[in-house]
Each structure stands twice: as structure tokens, then as C-alpha cells.
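Open the model in your viewer and show it as a cartoon. We will go one stop at a time.

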Amino acid sequence: MIKRTLVTLRLEETGDASTSSGRPKSQSSVQLGLKTLCRDLATKQKGLMKSKGEKYEGMSDDALSHENVNLLQEIKECNQKTAVVKDLIQTLDDKYEDSKRYIAIQRYRLMKIMVKTFLQESPRS
């Protein structure tokens, strides 16, 4: 599960078509997944733009500037939360790679502790 999450994040960040183990994924399956993801995202974005356009249509300049400040604050908070989650995932990745040095029984115990720690430290909103 950890490895799948990391591969997904790496694909989204770099656009790379290989797994963390170095084996290339099928180019067509990656492209198909990305096309589907982009199509879904575009559809959602169109719906949001239409509903937001209706929301802001009758607002005054002061109300729009106030809403802009609120949205900028929300973006800042989301970016901070995203940074925290990325750090947690990077820590998980490091611990996962370190756990490969141990035999299976010890590794299972280490990974169990790692997941418990992650769930306890993860930010709740």
C-alpha cells in the first residue's frame, strides 16, 4: 500500500512512467490512466467554474476582494497541509526502505509500528 502511494505521487509529480523498483510500466496503461484522470478533472473543473460564475455574478467589488482574500487564505492552509502530508509520506518511504534490511518477522513488526505512528501523527481536519 505504501509503495503504491509513493508510485502514484511520483507519477503525478514527475510524469515518470516507471515504478520505484525501476521496472517500466506499460506506456499505454499509464497514458490511459492519465487521460482518464485529466478528462475527469476537466469535467469537474467545468462544473465548478459554472457554479462559481453564478455565485460571483451579482457581488460587489468589495465583496469580491473579501472573497479573494478568503480564498487565498484557504489555498495557503491547503498548501501547508499538503506539505505536512508529503513530509509524512517521505518519512514512511524512508522507513520502508530501511526496513528492507531486516528479516520478515522483524520487518513486519517495524512496519506495524511505522503505520501506527503514521496514523497517530497524521493531521486531522
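## Stop 1: Confidence

Colour the chain by pLDDT. This is a predicted model. Its mean pLDDT is 74, and 64% of the residues reach 70 or more.

Where is confidence lowest, and where is it highest? Select residues 2-14, helix α1: here the mean is lowest, at 62. Now select residues 61-99, helix α3: here confidence is highest, at 88.

Next, select residues 16-30. The pLDDT stays under 50 over this stretch. The model still has 19 contacts for these residues beyond four places in sequence. Where pLDDT is low, predicted coordinates should not be read in detail. Look, then move on.

## Stop 2: The whole chain

Zoom out and colour by secondary structure. How many helices and strands are there? The protein has four helices and zero strands. From the N terminus, the order reads α-α-α-α.

The accessible surface comes to about 10,300 Å². Carbon and sulfur atoms make up 57% of that area. Of the 125 residues, 14% count as buried.

Now think about contacts across the sequence. Take those with a separation of 6 or more: 36% of them join residues 24 or more positions apart.

## Stop 3: Along helix α3

Select residues 61-99 again, which is α3. The end C-alpha atoms are 57 Å apart. Why does that agree with expectation? At 1.5 Å a residue, the 39 residues of α3 should span 57 Å, so the two values agree.

Show the buried side chains of α3: Glu67, Leu88, Ile89, Leu92, Asp93, Tyr96 and Ser99.

## Stop 4: Glutamate 67

Select glutamate 67, in helix α3. Is this residue buried or exposed? Its relative accessibility is 18%, so glutamate 67 counts as buried, the cut-off being under 20%.

What does glutamate 67 touch, leaving out residues up to four places away in sequence? Show Lys55, Tyr56 and Met59: these are its contacts.

## Stop 5: The salt bridge

Select glutamate 97 and lysine 100. Their side chains meet in a salt bridge, 3.5 Å from N to O. The count for the model is one salt bridge. Side chains of opposite charge can pair when their charged atoms come close.

Check the surroundings of each partner. Glutamate 97 is partly exposed, with a relative accessible area of 40%. Lysine 100 is also partly exposed, with a relative accessible area of 40%.

Notes. Residues are numbered from 1 along each chain as its sequence is written. This is a predicted model: local features need pLDDT of at least 70, side-chain atom pairs count only at pLDDT 80 or more; totals for chains, interfaces and linings use all residues. Side-chain values use heavy atoms; hydrogens and water are left out. pLDDT is the predictor's confidence in each residue, from 0 to 100. Helices (H or I, at least four residues) and strands (E, at least two) are DSSP runs, numbered from the N terminus. Contact means heavy atoms within 4.5 Å. A salt bridge is a side-chain nitrogen of Lys or Arg within 4 Å of a carboxyl oxygen of Asp or Glu. Buried means under 20% relative accessible area, exposed over 50%, partly exposed in between (1.4 Å probe, protein chains only). Accessible areas come from the Shrake-Rupley method with a 1.4 Å probe; for residues, only the protein chains shown count as cover. The expected span of a helix is 1.5 Å times one less than its number of residues.
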